[in-house]
Amino acid sequence: MMLLSGDPPRSRVLTLVLVVIILALAATPFLFPGAKALNVAAKICVFAALVASYDLLLGYTGSVSFAHTMFYGIGSYAIAIALYGMGPNWAAVATGIVVGLPLAALLALAIGLFSLRVAAIFFAMITLAVASAFQVLASQLSWLTGGEDGRSFQLPELLRPGTVLVSKSLFGFEINGRILTFYLVFAVSALMILALLRVVNSPFGRVLQAIRENRFRAEALGFRTVFHLTYANCLAALVAAGAGILNALWLRYAGPDTSLSFSIMLDILLMVVIGGMGTIYGAIIGATIFILAQNYLQSLMGVASKAASEAGLPLLPGLLHPDRWLLWLGLLFIASVYFFPTGVVGRLRNGGGHKSAGASH
Amino acid sequence: MTDLLKLSGVHTHIGRYHILQGIDLAAPQGQVTMLLGRNGAGKTTTLRTIMGLWPASSGEITLGGERIESRATPDIAQRGVSYVPESMAVFSDLTVKENLVLAARDGPMDDKQLEWIFGFFPALRRFWLSRAGSLSGGQKQMLSIARAIIEPRKLLLIDEPTKGLAPAIVMALIECLKEIKRKGATILLVEQNFFAARELGDNVLVMDNGTIVHRGEMAALASDVPLQERLLGLSLEAHQ
Amino acid sequence: MTELAATDPLPKPKRDIAPILLPIALALVTIPLIGSPSTWLTLTAASLAMGMMIFIMASGLTLVFGLMDVLNFGHGAFIAVGAYIATLVFAPFAASVQADSLWVNLAVLAPAALLSMAVSGALGLVVERVLILPVYGQHLKQILMTTGGLIVAEQTLYALWGPQIIPMPLPTSLRGSFILGDVAIAKYRVLATLIGLAVFIAIQLVLNRTKLGLLIRAGVENREMVEALGYRIRRLFLGVFMTGSALAGLGGVMWALYREQVHASMSDELTVLIFVVVIIGGLGSIGGCFIGAILVALVANYGGFLVPKLALVSNILLMVAILMWRPRGLYAVTSR
């Protein structure tokens with residue numbers, strides 16, 4: 001309970017689902033052999049943290065930012081450029097962290113202060129414009145970022161796949177640097193999510209919710225909403241940059257498509273809404289559903305598309321083409337905003353699960 | 001005497017606040033019915049509920065025998081109801097003329113009606129092509145009332161028209177409203193100015209905490225000072 | 001006695017002309033910087049054409065916001081749909097497009113543009129009913145719903161037309177330039193500027209000279225009072241929404257011809273541009289939107305010529321500068 005900051009999942013089914021997801025992720029290297037499964041698991045971890053940080057903004061302050069991938073990208077690029085330029089050593093990793101995190105926080109501070117100066121309604125539009133400019137900038141400053149190609153780099157010795165830590169003869173599994181990197185990603189993501197859980201359940205988090213419900217009243221109660229919103233923006237940016245660092249470490253690469261593109265921003269939106277806004281736990285569910293769909297639904301769609309085209313049906317082959325999986329997720333997204341705006345978590349909490357809200361406080 | 005407008009058992013909620021808690025009132029045809037009470041008693045909410053701007057959560061509202069409580073605001077307006085809100089709500093980006101063009105929704109403005117209005121409010125003629133936003137507070141109030149009477153309407157809902165106006169303008173307003181009444185309109189008037197209320201009112205309703213606490217003839221209340229003090233306390237402006 | 005009131009001092013109606021002077025000043029200041037007058041003229045003409053196209057696309061967005069407080073993040077989808085629909089007309093009549101006769105070219109172009117507007121407008125009807133009406137009044141959900149709509153629209157375009165770039169050649173008689181001395185101005189840019197001006201003037205006439213326009217302007221300021229006067233503002237809004245969608249479709253056709261290609265990703269690219277324009281102009285203001293579009297285009301063209309690297313972020317710098325000066329945009333028409 002301490003670990004969860006007194007905010008348990010509050011639904012038996014939800015608890016069960018979360019436990020299964022977390023155990024499955026933790027045991028992936030042993031349960032599901034193969035590079036693909038490990039990649040999917042690592043991506044789920046990274047996105048769970050990234051989406052949770054976005055939930056701090058969307059779900060807890062009610063502000064829509066389209067600049068979240070920018071912070072994610074800053075983290076990714078910081079570590080990539082440091083490791084690329086300084087070589088695969090721990091000093092480079094430290095440099096990337098020490099440069100990337102403050103840079104993300106500072107930029108969030110600047111955007112926050114500027115956006116809050118102008119009408120609140122502009123926030124979403126301004127963040128979209130800033131993020132797109134940053135994206136263009138990153139692809140144009142190719143001497144630094146590698147342009148469209150991005151930057152590939154080597155990890156420090158300890159984290160390389162070739163480094164065998166525990167040989168196969170001991171447990172029947174080989175534990176190498178790749179698996180160590182996976183657990184690094186897993187642990188840091190988990191820590192960041194637990195930290196966010198703490199933030200939203202602190203007095204600060206409750207002020208954020210008060211601002212979301214009625215900004216005017218929160219101000220009348222004496223809260224400096226500008227301060228609170230900017231602070232939340234900076235925190236979210238820090239975690240996003242942290243997730244970016246993990247992502248780059250895992251991929252040994254940072255580029256526009258994996259860390260900056262607008263489609264990643266849309267993915268985050270889909271995950272947070274489908275999982276459930278304003279719950280943090282929703283991030284884990286949303287990321288899991290989305291990334292599993294992204295990686296496994298596509299092959300299913302390929303089969304269906306082929307079947308449809310063999311049956312000579314019009315349109316359907318195009319609509320079911322594996323590249324169109326986002327179409328169906330987009331429809332799911334609209335449906336969830338429409339029919340269950342509280343997402344999977346909200347559904348589970350209000351549905352079958354027992355209501356024990358407050359019992360743990 | 002038939003009642004043009006009737007409310008029975010009307011409740012209105014705004015968010016989680018229960019503002020109107022069972023209102024029964026009637027506005028008799030061709031008369032001026034005053035709605036008095038201190039600030040926050042629910043007078044404005046009553047007018048907005050009749051107009052459909054804050055729909056009633058339960059109860060019945062009839063206009064000329066027809067149920068209107070679940071109708072949309074434009075439908076209610078089209079049944080011959082004009083609303084003059086407390087904030088006046090003139091369209092400040094539009095000229096005086098354009099404001100009135102919009103208010104005359106059945107077609108071009110009637111020149112005779114316009115001359116009649118100019119007779120009470122000459123300022124509107126002078127500033128005919130000025131932006132309404134550049135008018136003074138009193139002039140905006142005149143425009144707001146003019147908008148409500150540019151075409152003949154059955155029922156006028158008017159919210160504190162004399163608020164913040166100079167006494168001279170208040171007199172002109174009272175004359176205008178008397179004239180409108182003579183022409184056969186029914187008026188439901190929210191007023192804090194007791195002088196204006198006494199001049200205009202045929203009947204009076206006093207509200208407190210979302211209910212009606214007194215109903216009777218205006219003349220009776222006007223001559224009963226202890227009753228006034230008990231019902232209205234210090235909230236009324238001094239008896240001019 | 002009312003004369004007293006009538007003689008109250010009436011503040012002189014002020015015309016706020018500073019925003020109008022801004023693009024003019026910008027254009028004048030850059031003359032010495034650019035040096036060559038002919039280059040400057042070419043750049044300025046290019047900016048006007050680009051600005052007009054952006055204005056056509058953005059005008060609907062700003063009115064829709066002003067009237068009903070609706071933020072449509074899917075507006076860019078109408079642009080892309082308009083462009084794709086035009087290819088449906090262009091492809092079978094490729095010969096007429098290639099013919100070296102203005103009238104034959106226009107005989108394809110005009111129906112293509114009209115069909116695009118009709119389809120975009122009809123799509124607007126669907127979007128308003130399905131995506132916006134259910135979440136009317138809730139900004140957060142509006143943004144989410146319309147963003148979802150953008151994803152679905154883009155993906156549907158990919159599914160129907162495939163992911164490849166579709167070429168959209170400019171009709172033969174619109175190619176080339178008018179040569180005035182040593183200044184060359186592309187013919188298509190002149191046409192685009194004329195169409196943009198016509199749209200702007202038409203919108204201004206409707207807004208200022210018709211009862212419908214009065215209703216829209218009154219609704220932008222206070223929709224509740226418009227309803228209390230007996231007008232159904234939802235119907236008015238739907239009309240404005242569909243018109244705005246149709247204009248976005250027209251802008252899409254024009255932009256596609258300008259770039260001579262069509263791709264679904266144009267909706268993303270242009271969404272950012274038109275957002276910057278409506279923010280700069282002040283949400284709800286047609287005049288502001290017009291000036292904002294020209295400003296964005298001027299800064300992009302001059303900036304691209306003078307400091308190519310800077311041009312990438314010129315929109316953002318412009319937006320920041322304008323909002324520092326006027327936090328609600330050049331013209332703040334709504335009280336929100």
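**First stop: a charged pair in chain A**

Select A:Arg10, which counts as partly exposed at 27% relative accessibility. Keep in mind that you're looking at a predicted model. A:Asp7 itself is buried, with a relative accessible area of 7%.

**Next: where chain C meets chain A**

Show chains C and A together. Here 40 residues of chain C are in contact with 41 residues of chain A. About 3,600 Å² is buried between the two chains, and carbon and sulfur atoms give 85% of that area. Pick out C:Leu144, C:Ile151 and C:Gln155: they supply 16% of what chain C buries against chain A, more than any other three residues. How many salt bridges are there between chain C and chain A? The count is 0. For polar contacts, the rule finds 1 residue pair across this interface.

Now colour α7 of chain C, which brings 16 residues, the largest share of the side that touches chain A. That side of chain C divides into 29 nonpolar, 7 polar and 4 charged residues.

**Last stop: a link within chain C**

Select C:Glu260 and C:Arg175, whose side chains meet in a salt bridge (3.1 Å, N to O). C:Glu260 sits in the loop between α11 and β4, and C:Arg175 in the loop between β1 and β2, so the pair ties together parts 85 residues apart in sequence. C:Glu260 is partly exposed at 30% relative accessibility, and C:Arg175 is partly exposed at 34%.

Definitions and conventions
Residues numbered from 1 in each chain as written. Chains lettered and ligands numbered in written order. Predicted model: local features only at pLDDT ≥ 70, side-chain atom pairs only at ≥ 80, totals over all residues. Heavy atoms only, no water. Contact = heavy atoms within 4.5 Å. Buried area = accessible area lost by both parts, 1.4 Å probe. Salt bridge = Lys/Arg side-chain N within 4 Å of Asp/Glu carboxyl O. Polar contact = N/O pair within 3.5 Å; in protein donor to acceptor, adjacent residues only side chain to side chain. Helix = DSSP H or I, 4+ residues; strand = E, 2+ residues; numbered from the N terminus. Nonpolar A, V, L, I, M, F, W, Y, C, P; charged D, E, K, R; others polar. Buried < 20%, exposed > 50% of the residue type's maximum accessible area, 1.4 Å probe, protein only.
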